[in-house]
Amino acid sequence: MMKYESIKKRDKQVYGALKGEMKRQEEGFEMIASENYVSIAVLEALGTVFINKYSEGYPGRRYYGGQEFTDIVETLAIDRAKKLFGAEHANVQPHAGAPANLAAYAAILKPGDTVLGMDLSHGGHLTHGHPLTLPAQIYHFVGYKTEPDGTIDYKKLEVQALKEKPRLILAGFSSYTRQLDYAKFAAIAKKVGAYCMMDMAHIAGLVAGKSVPSPVPYFDIVTTTTHKTLRGPRGGMILCKKELAKAVDRAVFPGIQGGPLMNTIAAKAVAFGEALQPEFKKYAKQVLKNAKMLEKEMRKYGAEPLFGGTDNHMIMLDVVESYGISGKVAEKLLDTVGITVNKNVIPDDPRGPMDPSGVRIGVPAITTRGLREKEVKVIADCIHMTLSSGGDTKILKAVKIVVRKLCHAFPAYKK
């Protein structure tokens, strides 16, 4: 593992926080669905001298000189992304997923245009229409919802689209656990004359690893983050049809960003190269196996996962219904034993977003550490014991010992 000796000498406060975070990650399990561990190679790429370089523009078309090597590394990232996802065009410059979505909207929409996207409490993302976000101040968002059994009724979606006449139909989610029918989204969009876009941030690694179907052939634009299941640096990316390439590139730069983060782009190139290797497919398949095992075990304890189960890397639990505690309390209890999850709203949640009814639990990071179904059973037992403990310190202490022991058996980074 990296030693950070220079930071230790120059800034003991930052070094102390860094060591604390390294210890926290090693001695607990990250089970927030959007988090993962990057490789040492990706960590090293983030700290390279590429951080010193301004590179406004695109390879071969920069506004500053001295771009020989930035062009090489960005071209590598682009080519690897296109190969990884079978995309006609890739823009790897977005700093994060939210800017990627904002740029995608700007490329194809005009202010006031209607966007039909998934309701936040039913699994959508903030950038898919939450009223406090910038996109919602520019465009008119209308939400579609899931059915009581957790599915999407595509006939209802079509009726809604015919009524609202959106310029864009948006698929994708941050807490929905089932497989989307890409072909039906595309067909509905075509019927109403709308663009069709997918935000695959959560499942990009599963798509890259061929463990879930790819949305790329079906959608005009596909946005994603480059971390989460993809195990790259925190950043964003836009994939699109070639006829939208120029509009997308202009929307990113100079539309919403100036200079790209070249050290992050270098790390993206490294991560995409890793995702092209056979080992990554094994990881992606194991993510699904671990998620299904977690679903099975929690159901055994009487905690029925929302949306009828999972087809991806996470499960959603209504902890008010299953354990009589709120999502905020559940999150804090699990933090106590070294299992990190996040509180999350559930469909049409009667509670507020800061103390909702649910929690979201993901398995990508523990899968990266090497845990398989056998260990997931132990973790499920730990989760159940913690959430049903009533805050009993003896129970929490006993669970924490089990978690710590399992963490030491599966280190995040080998020393």
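**Backbone exceptions, helix packing and aromatic pairs**

D348 is placed in the loop between β13 (342-344) and β14 (358-362). The model described here is predicted. In it, the phi of D348 is near 55°, a positive value in a residue other than glycine. D348 is partly exposed, with a relative accessible area of 48%.

K165 also has a positive phi, near 50°, and is not a glycine. K165 is found in the loop between α7 (154-164) and β7 (168-172). Its relative accessibility is 62%, so K165 counts as exposed; the cut-off for that class is over 50%. Most residues other than glycine have a negative phi, and most peptide bonds are trans. The peptide bond from F253 to P254 is cis, with omega near 10°. P254 sits in helix α10 (residues 245-256).

Helix packing was examined next. Two packed helices are described by the angle between their axes and the distance between the axes. Helix α16 (residues 373-387) and helix α17 (residues 393-409) have axes that come within 10 Å and cross at roughly 160°. That angle makes α16 roughly antiparallel to α17, because angles over 145 degrees are classed this way. The crossing of α16 past α17 is left-handed. On the α16 side, the contact is made by E375, V378, I379, C382, M385 and T386. On the α17 side, I395, L396, V399, V402, V403 and L406 take part. By class, the contact of α16 with α17 has 10 nonpolar residues, one polar and one charged.

Helix α14 (residues 327-337) packs against α17 as well, at an angle of about 60° and with the axes 7 Å apart. That makes α14 oblique to α17. L333, T336 and V337 of α14 meet L396, V399, K400 and V403 of α17. The residues of this contact divide into five nonpolar, one polar and one charged.

R372 lies in the loop between α15 (364-368) and α16. With a relative accessible area of 47%, R372 is partly exposed. Leaving aside neighbours within four places in sequence, R372 is in contact with Q286 and N290. R372 and V337 are 35 residues apart in sequence, and their C-alpha atoms are 20 Å apart in space.

Aromatic pairs were then searched for. The whole structure holds 14 of them. In one, the rings of Y37 and Y413 have centres 6.2 Å apart and planes at 90°, so the pair is edge-to-face. Y37 lies in the loop between β1 (29-30) and α3 (40-46), and Y413 in the segment after α17, so the pair ties together parts that are 376 residues apart in sequence. Y37 is buried, at a relative accessible area of 3%. Y413 counts as buried at 13% relative accessibility.

The rings of Y182 and Y218 have centres 5.9 Å apart and planes at 45°, so this pair is tilted. The pair links distant parts of the chain, 36 residues apart. Y182 belongs to helix α8 (residues 182-192), whereas Y218 is in the loop between α9 (204-208) and β9 (221-225). Y182 counts as buried at 4% relative accessibility, but Y218 is partly exposed, with a relative accessible area of 40%. Both residues belong to one aromatic cluster, formed by Y144, Y154, Y182, F185, Y218 and F219.

Terms used:
Residues are numbered from 1 along each chain as its sequence is written. This is a predicted model: local features need pLDDT of at least 70, side-chain atom pairs count only at pLDDT 80 or more; totals for chains, interfaces and linings use all residues. Side-chain values use heavy atoms; hydrogens and water are left out. Axes are lines fitted to C-alpha atoms, for helices over the stretch in contact, and angles run from 0 to 180 degrees between N-to-C directions. Helices (H or I, at least four residues) and strands (E, at least two) are DSSP runs, numbered from the N terminus. Angles under 35 degrees count as roughly parallel, over 145 as roughly antiparallel, 65 to 115 as roughly perpendicular and the rest as oblique. A crossing is left-handed if the near helix is turned anticlockwise from the far one by less than a right angle, and right-handed if clockwise. Contact means heavy atoms within 4.5 Å. Ala, Val, Leu, Ile, Met, Phe, Trp, Tyr, Cys and Pro count as nonpolar, Asp, Glu, Lys and Arg as charged, and the others, Gly among them, as polar. Rings of Phe, Tyr and Trp (its six-membered ring) pair if their centres lie within 6.5 Å; planes under 30 degrees apart count as stacked, over 60 as edge-to-face and the rest as tilted. Buried means under 20% relative accessible area, exposed over 50%, partly exposed in between (1.4 Å probe, protein chains only).
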